[in-house]
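I opened this notebook to record, step by step, what I looked up about how the parts of the structure meet. The entries follow the order in which I checked things.

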Amino acid sequence: MSAGSEAGPRAPGTGAGSPAGPDARSRRQLALMLAPYLAGLVGLVLLPALVTLALAFTHYDLVRPPAWAGFDNFTALVEDPIFRIALTNTVVFAVVAVPLRVLLALGLALLLHRRTPGAGTARAAALLPTAVPEIAYGLLWLWLLNPLYGPINQVLRVGGENGLTALGRTPPQWLTDPTDARAAIILVSLFTMGETFVVLLAARRALPRDVYEMAAIEDATGWDVFRRITLPLMAPVLALLALRDAIASLHFTFVSAFVVTDGGPPPYATTYLSLFVYQTGFEYLRYGYAAAATLVMMVLTLAAVLVQWRLVRRYRRFYPR
Amino acid sequence: MSEAGLVLDGVSAAYRTETVLHEVDLAVARGELLVVLGPSGAGKSTVLRVAAGLEPVTAGRVRIAGRDVTDQRPGLRNVSMVFQSYALFPHLTVAENIAFGLEVRDTPHRVARERARAAAETVGCAGLLDRRPGQLSGGERQRVALARALVREPDVFLLDEPLSNLDLALRVEMRAELRALHDRLGATMVHVTHDQTEALVLADRIAVLRDGRIEQVGTPEEIWRTPATVFVARFVGSPAMNLLPAGGPLQPAGDPPALPVEAQIGFRPEAVNLDTGHGAPAIVDRIEVVGEDAYVYLTLEGGKPVVARVPTTRRPDRGAAVRVGVRWTDTHVFDATSGRRLAP
Amino acid sequence: MRGRNRGPSPLPERAARLWRSLGAAFVILVFVPPLLLLVSGSLTEPGLPPSPTPQLVPDPVSTAGYERALDLGGLLRASLNSVLVAVVAVPLSVLVASLAGFALARLAPRTTAVVVAASLVALMVPPTALLVPRFAIFRFLGLTDTLVPLIAPALLGTSPLYVLVYYLAFRALPADLYDACQVEDLSPVRTWWQVALPLVRPVTAGLTALTFILTWSNFLDPLIYVYDRDLFTLPLALRSLSLLDPTNFPVFLAGAVIATLPALGVFVLAQRRFLHDHSDPRE
């Protein structure tokens, strides 16, 4: 991303002359330093992922040993209306919320990257909700969105009569109407785009400043600068963040759905895959079935990665190095 | 002086709370190549940035081709700029880079591309049009930046140390090309550099800047032969001009001009003669041999240092006792307190 | 930008700055109120009927919510457990991440490439996708209903991302530095401890803060692995409060405030590191 800097990427620390780096004793020591992490990586991520693969083809309730089930779980999934709703909800959430979150973060980064009065405070403010523990944040929204007690509807009712808004309409029934509840979960998720925001802020600041001065001399309008310079230069970062967010969206719906809406309102309006897996496994103790659903989740992730990968590859052709 | 291309009229500028330009007056004639020369931190780049409108002025006016542009934003001033880093857009091809200024001004795509090609041909980078900045060498990037600057036929070209990122051989080559380009286009150019050789070779006139103030404006010859201040005298020329108290150990030969009490005399290393057999006695401290020339570093009685440039074949030995002779005709006289030139 | 100077500014930058400041004010107005409401809500008297109008300052101000939250939720015990987990897991996690990052920066490129690729793959796996198999593994090891599964992610550096951040930071140090250490015959561990680690102190500070916030806020793991109320961490204890009647919102909001304060405190300490303004030195 650096604009025409002549210095290439710094050589890795091993130094140019010694590709294998240090001697045998040092290598042993380095391997030991890496070992705990490798153990964690294998034991907590890679091995569990393989276990999922195996469990998905079994019936397993933690009491009796797993019994081979073949594709039973998957055929059951296909016919399971709740699973289908959860899958749809998950995809819809990702398609709606992820672009909104990334766009919001981009807008904030472009608005707040400069030194202006208030910008520092605003940056901190935009990050605050991300630092609040998920569960505390969920509790907060559980109250904010409460149709009767919640401040949001209290504000909406200001000026209206008999519990209606000033326009004479019923305020949104956040926790009981399926559409409003889905909107609420998206709204809640928008406030926690802090990490994406920080990365975009750093990316915008890393853009060479003289390129923007050049554009000013050429009298490029704000829109031209955004379209022709900022957006293309930040596109790789944006793509990466969108991917990350899409994957994370499989997860960060969990607490809001679990605490705020409890998967409801009926029928399963905010049951997402993560909640489905949790309930199937830990409430109904159908671990094999849950593993099969997990596998679907991982396949979704993989699909997202592949799509992004292709996009980035295509982009790379236009933009070497 | 002919019609003015760029005029700074009592311009001051500040960075944060620190004033970096102090009421600078500078007039660049139309078609002139003016080099702003100074050490780093002198405010050279600020002169360009103020002219381009990238930096606000705190006082004074800026005029370009007769128009007062002080309150105009950069895009309306009709200047173009070559940045030290070239500021090429990394995601655009060379052709798109050159055409950028035209396209954001709504020039039809075909016309813009045609003119971009023409500009590229002018600076000799027409073969690179489809490449991207990441694939270019330093010299090629430099040409692209130049092409981008001249595609729009601006009133003034502003060049901010455009050669400083090139290696020596390329710098010498591009220096000559830049001068040829200027002569061919007849354009008004302001070129900023800290390299005195570059300034002497390139400029129609040189403005020497120091701590945000102009020390002297003149042709390269004027700057060299009649430096207006001690600073100019010592900044231009390498090794720097020798400077001694006028009443000191070394008395130049010939008829002395009328001297005030507090004066300093200056003479360039090449004006020093070690072969006369008379003059001030000195000891040779060290010798640097640079090909045909040798720089002889001497200490006069009383400890003052003097540098002499002599042919390598006739250099003295280290530690030798020699006599240092200079003539008044080769000597500059400066006021000791103000540093201003007194004579000749 | 750099329009700090007084006097006439000829550029339209002033107007732009004004708009930016207005935008900043708007951002503050959107993002801060929910948290202010959290505090004011927690200070409301529990059990009152809903007020017809929104109140920013509760009337009367009451700490009854906090008293009942501590009582009902067993929050003291839970806070202690949370602190225990954080005290063990955070230093361990940072240690693992920095050791691994350093080793990656110094090992042969091929080894590094494999581990980095594996880390990236691990980053792609959503945490909820690992619930079931991880649970099966910890159960097999007989470690469920202990705090061990809550500390275990420290072996991963909490997130492979943090290992990669350390790797990049150590790799960005000049190669000469490592060569010099090798010439001095410094062992890798001593190079890491005496030379490399002090040079990436800002990275360590930032990652420690992030690790703490993540560990402190961890809700999913306790939810799955811990059933004994005596082992509940703060987030899990809060969950039991969420089942209270809506009239008791001050109680669960009080609990939320208690859980939020440490994370927010660490965030405020750390935010200067990654939000500060760069000054741009010029000529």
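**Entry 1: where the two chains meet**

I began with polar contacts and found 8 residue pairs of this kind between chain A and chain B, with both residues at pLDDT 80 or more; a polar contact is a pair of N or O atoms within 3.5 Å, where, within protein, one must be able to donate a hydrogen and the other to accept it, and residues adjacent in sequence count only if both atoms are side-chain atoms. I noted that this is a predicted model, in which local features need pLDDT of at least 70 and side-chain atom pairs count only at pLDDT 80 or more, while totals for chains, interfaces and linings use all residues. For reading the names, residues are numbered from 1 along each chain as its sequence is written, chains are lettered from A and ligands numbered from 1 in the order in which they are written, and side-chain values use heavy atoms, with hydrogens and water left out.

I then asked which elements of chain A give two or more residues to the side that touches chain B, and found helix 9 (209-217) and helix 10 (222-261), helices being DSSP runs of H or I with at least four residues, numbered from the N terminus. Helix 9 of chain A gives the most, with 8 residues. By class, I listed 13 nonpolar, 2 polar and 10 charged residues on this side of chain A.

Next I looked up the salt bridges between chain A and chain B and counted 5, each being a side-chain nitrogen of Lys or Arg within 4 Å of a carboxyl oxygen of Asp or Glu. One that I noted joins the side chains of A:Asp219 and B:Arg73, at 2.9 Å from N to O.

For the extent of the interface, I found 25 residues of chain A in contact with 31 residues of chain B (heavy atoms within 4.5 Å). The buried area is about 2500 Å², with carbon and sulfur atoms giving 58%; this is the accessible area (1.4 Å probe) that two parts lose on being put together, summed over both.

**Entry 2: inside chain B**

I turned to chain B, which is divided into domain 1 (4-234) and domain 2 (240-246 + 266-343), with bounds from an automatic or database domain assignment. Their C-alpha centres lie 37 Å apart.

Note on methods
Nonpolar A, V, L, I, M, F, W, Y, C, P; charged D, E, K, R; others polar.
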